[in-house]
Amino acid sequence: METIQEPFDLIRLSLSERVFVKLRGDRELTGILHAYDGHMNLIMSDVVETIMLVEGVDAVPPGPGATVKVATRKMDMLFVRGDGVILVSPPSRT
Amino acid sequence: MLIFSVFKTLTDQQVTVELKNDLSITGVLKSVDQFLNIRLDSIKVLDEARHPHMMAVKNCFIRGSVVRYVQLPSEHVDTQLLEDATRRGSSPRSHPFIG
Amino acid sequence: MDSLIPFTTSGSLVDCVDRKMLVVLRDGRKLHGVLRSYDQFANLVLEDTVERIYHGNAFAENWHGLFLIRGENVVLLGEIDLDLEDEIPQRRQVEYAALEPYHKNDVEVKKQREEAKAQILYEQKGFCKEGGEGDGY
């Protein structure tokens, strides 16, 4: 039986499963995790990136019309540099 | 070291490097080092009009620390091998795919 | 053990020495100069350095001289194709003093936009604001 003794064990148990990753710079990813290292560099496939866009900030100073929009983008195979990772969340197991 | 090895197997393949300043550069991966600094040849910048300073640049060195993503050619990545190597927790040094 | 692994990338900067290079810094500055030396941290020595600014189709240069650039500030080092540079259509060089106000304004507008965006995302979505220094380039 595999147990979790240190933080990275959680990621190890998520290998080849779909994980959720939150990144600096208002970005989120979901994808299938294939590799990681001690820097939390990741290699994922079948990735969907969600980016937060703010519309209506072109006015300087921005008016109250600014709204948050969400854009998504798909990528086949992606290396993610570890220094941008805020959190990695494994798939829910019920 | 594992990820360094993966990049080494991808030399001479086309990759897209996305930097933390939102600049995206597609090019042929010429070399990589253990800091994941990257050399790209025959580069093409996405949305070149917004980055006029890149127009006369044909090949470049990118410091690893400024990289956000690298989009890899999935047909040249053996995911099963990656998972096994990651589980072993060591570089797949002895493995033939190191080349 | 790590020291036995050759610095393949830094090593391959050999062919860039004594060539005219573009250096992009983390604060967004663009420097042009002749690369004279480098090391494994991407510390660079740049000779006859000029800073370039762009606005629309115009660019301008401000002469600085000899620089040693600390590697952590370097985003990208690009080899300038001198033939290609002369062929870029509709690009003209103007006086630095004339272009500087436009460039400063561009930078300021971009900064304000990003601050406003970060504030809204912080309030509405719980995304943290980036620190004062760091990824502002």
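In this predicted model, the largest nonpolar core is made up of 40 residues. Those with the most contacts inside this core are Ile25(B), Leu40(B), Ile62(B), Leu72(B) and Leu76(C). Helix α1 of chain B, residues 2-9, supplies the largest share of the core, with five residues. Another core lies apart from it and has 17 residues, among them Leu15(A), Val19(A), Leu23(A) and Tyr36(A).

Leu76(C), listed among the residues with the most contacts in the largest core, touches residues of chains B and C. From chain B, the residues in contact with Leu76(C) are Leu19(B), Leu23(B), Ile25(B), Met54(B), Cys60(B), Phe61(B) and Ile62(B). From chain C, Leu76(C) touches Leu22(C), Val23(C) and Val24(C), with residues up to four places away in sequence left out of the list.

A search of the whole structure found one cavity of 30 Å³ or more. The largest cavity holds about 40 Å³ of space. Its lining draws on chain B through Pro52(B), His53(B), Met55(B), Ala56(B) and Val57(B). Chain C contributes His32(C), Arg52(C), Tyr54(C), Ile80(C), Glu85(C), Ile88(C) and Arg91(C) to the lining of this cavity. By class, the cavity lining consists of seven nonpolar, two polar and three charged residues.

The second largest pocket contains about 290 Å³ of space. This pocket is lined by 13 residues, of which Asp37(A), His39(A), Asn41(A), Gln34(B) and Leu36(B) are the closest to its centre. Five residues of the pocket lining are nonpolar, five are polar and three are charged.

Conventions
Residues numbered from 1 in each chain as written. Chains lettered and ligands numbered in written order. Predicted model: local features only at pLDDT ≥ 70, side-chain atom pairs only at ≥ 80, totals over all residues. Heavy atoms only, no water. 1 Å grid on protein atoms, 1.4 Å probe; cavity = no way out; pocket = protein on both sides within 12 Å on 5 of 7 lines; lining within 4 Å. Points joined across faces, edges and corners; volume = space filled by probe spheres on them. Nonpolar A, V, L, I, M, F, W, Y, C, P; charged D, E, K, R; others polar. Core = buried A, V, L, I, M, F, W, Y, C linked by side-chain atoms within 4.5 Å. Buried < 20%, exposed > 50% of the residue type's maximum accessible area, 1.4 Å probe, protein only. Helix = DSSP H or I, 4+ residues; strand = E, 2+ residues; numbered from the N terminus. Contact = heavy atoms within 4.5 Å.
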